[in-house]
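Let's take a friendly tour of one protein model. Have a look at it first, and then we will walk through a few of its details together.

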Amino acid sequence: MLRPYLQHVVSVADVMELCRRELRLYANTGALAPRWASALFTHLATLDAVAMDPELKTRVRSDLESFLKGRAYYHCLGRVWRRSYLLYGPPGTGKSTFAAAMARFLRYDIYDIDLSRAGADELRALLVDTAPRSGLVVESKPELVDSGPDGFGKPCWMT
């Protein structure tokens, strides 16, 4: 009887801590130390304000909510608890705003990787230096990666 109660208290305390803390935006510096520079995350985007198909928005919100509730399930399966989204399209179509809205919804910090500042070994070290419960945004530049047939880079958001 005491164990379930204590587990509930701990989970409620975790939620309260997530809601209380300020979100941060991290960017790789290109230096060996420190690898990340941070600032307060002040983007005002919310899932409610993002312009997208209402049905798709409902599905994304439902997926994110089930993801947040599924940590114990993934742990029992021995799987990594993460969710990934690939956002693809021309500049100015809201990919970064959507990633910011997801981060605000999840209460996650964002790590923004500039591929022009990171080689393969540096990228590996950057990934190791990210905190749990954070989002990773990689905005690909056409000159750095092979873009699709339409010439668009492929920014992606991963948790």
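## The annotated span

UniProt, in an unreviewed entry, places the feature "domain: ATPase AAA-type core" at residues 85–119. The model you are looking at is predicted.

## Two arginines with a positive phi

Here is a backbone angle to look at. Most residues other than glycine have a negative phi. Arg 107 is not a glycine, yet its phi is positive, at about 65 degrees. You can find Arg 107 in the loop that runs between helix 4 (95–106) and strand 4 (109–113).

Arg 133 also has a positive phi, near 55 degrees, and is a residue other than glycine. Its place is the loop between helix 5 (120–128) and strand 5.

## Buried or exposed?

Is Ser 134 buried or exposed? Ser 134 is found in strand 5, which covers residues 134–138. Its relative accessible area is 11%, and because buried means under 20%, Ser 134 counts as buried. Arg 133, in the loop between helix 5 and strand 5, has a relative accessibility of 26%; this lies between the 20% and 50% cut-offs, so Arg 133 is partly exposed.

Which backbone atom lies 2.5 Å from a polar atom of the Ser 134 side chain? The backbone oxygen of Ala 131 does.

Notes: Residues are numbered from 1 along each chain as its sequence is written. This is a predicted model: local features need pLDDT of at least 70, side-chain atom pairs count only at pLDDT 80 or more; totals for chains, interfaces and linings use all residues. Side-chain values use heavy atoms; hydrogens and water are left out. UniProt positions are given in the numbering used here, feature names are shortened, and annotations may be inferred rather than shown by experiment. Helices (H or I, at least four residues) and strands (E, at least two) are DSSP runs, numbered from the N terminus. Buried means under 20% relative accessible area, exposed over 50%, partly exposed in between (1.4 Å probe, protein chains only). A polar contact is a pair of N or O atoms within 3.5 Å; within protein, one must be able to donate a hydrogen and the other to accept it, and residues adjacent in sequence count only if both atoms are side-chain atoms.
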